[in-house]
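Let's take a walk through this structure together. Keep the sequence and the 3D view side by side as you read.

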Amino acid sequence: MQYISFYKDRLPFKPKSNVVIYFDVTGIGAKRYYHVLNEYYDRIVEEFRCGGLEFCFLPKIARNMDLDTIYHYFNPQASEQESLPYRSFYDDHDLLEYIVADFNARHLSPGLIQYMGENFDKESTYTFSYTPIPAYFDDSPISQIQLYVKLHGVNEDVFGSSRESHLQFAESISENEDVDMMMSEVQLMVEHLRQSGVGEIALQRLFKPTQQLSRMHIQYGRIFLPDYNNIEIKMPPLSKAIYMLYLRHPEGIMFSYLPDYRDELHHLYGLISGRDNREDIQRSIDDVTDPTRNSINEKCSRIKQAFLREFDDSIARNYYITGERGEAKRILLSRDLVTWDMPD
């Protein structure tokens, strides 16, 4: 058995031992094997599935997904009519820079790689097994895959096809999870790509997340992002009141100091919710500012998810409430980008 090592601190994804990745740094396989992999894709996936493995062949996975929708998730400033610029979904040459320097990977023939474990010698690395695709693969692709699974499978029927895996991931979310915490369809697609072994490289290369931050306009308690096609960020009233509180305090607020801001939060919640029952409002405010309860963390999770439903975390982290444990939490967005149109 042959092995390939990747630098752990450079590889932009965490490998999983049950993912088998089609690997072709030479480009030879593009003409020789792609048509076979596409023609027999469903059968190949099924054979891997029976061995408890998931097959990662990104060009095929990509064609099963709405790439223009994903493109807009990474580039919310793009107009609705703008589509993904044409380019190859994935080029294995991207992996060359992550392979340990003393390994001559440029002469590797197309093959399958599978994560084997972490090596702590000299420099921490990830080790993958490497199995070249035989020259006669296109004559008997299924039997060759069956042989691979016999040697490398984990004998657990835990993965289905790309679509099935996608649905399994969606179903893995707790049935008791609040609807506001559920992932959107595009989030699920992006997450599936990330979990497909080399997804993060392809996502960054193909979709090139925007570096442009949108202005934010607060209009009578509603949150709009004018430069992102005027997206409205929706969240429950109490979560929105907490978000407004942090917007008004760019210096940040530690969770343990929130009781000092109860009056201000009470005022914001009253404006946003339209509720008249002062006792109900006060009870909600007391719960969320009580440092012995988990309510504030739950609300911050809903706030974060409200932005992640609309665009990738590389953008969203500038908008939601963030901060290290024990430190003041804050919203990173420059307040120069925020305008208000609501009563004081």
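Find Asn-230, which lies in the loop between S7 and S8. Strands such as these are DSSP runs of E with at least two residues, helices are runs of H or I with at least four, and both are numbered from the N terminus. Before going further, know that this is a predicted model, in which local features need pLDDT of at least 70, side-chain atom pairs count only at pLDDT 80 or more, and totals for chains, interfaces and linings use all residues. Residues are numbered from 1 along each chain as its sequence is written, and side-chain values use heavy atoms, with hydrogens and water left out.

Back to our loop. Asn-230 has a phi near 55°, a positive value in a residue other than glycine. Asn-229 also sits in the loop between strand S7 (222–225) and strand S8 (231–233), and its phi is positive too, at about 55°, although it is not a glycine. Are these residues tucked away or out in the open? Asn-230 is partly exposed, with 43% relative accessible area, and Asn-229 counts as partly exposed at 40%. Here, buried means under 20% relative accessible area, exposed means over 50%, and partly exposed is in between, using a 1.4 Å probe and protein chains only.

Now look for Gln-305 in helix H13 (residues 295–308). Gln-305 is buried, because its relative accessible area is 7%. Its side chain is joined to that of Gln-187 by a polar contact of 2.9 Å. A polar contact is a pair of N or O atoms within 3.5 Å; within protein, one must be able to donate a hydrogen and the other to accept it, and residues adjacent in sequence count only if both atoms are side-chain atoms.

Next stop: Met-116, found in strand S4 (residues 111–119). Met-116 is partly exposed, with a relative accessible area of 45%.

Finally, zoom out to the protein chain, which has 14 helices and eleven strands. Of its 344 residues, 50% count as buried.
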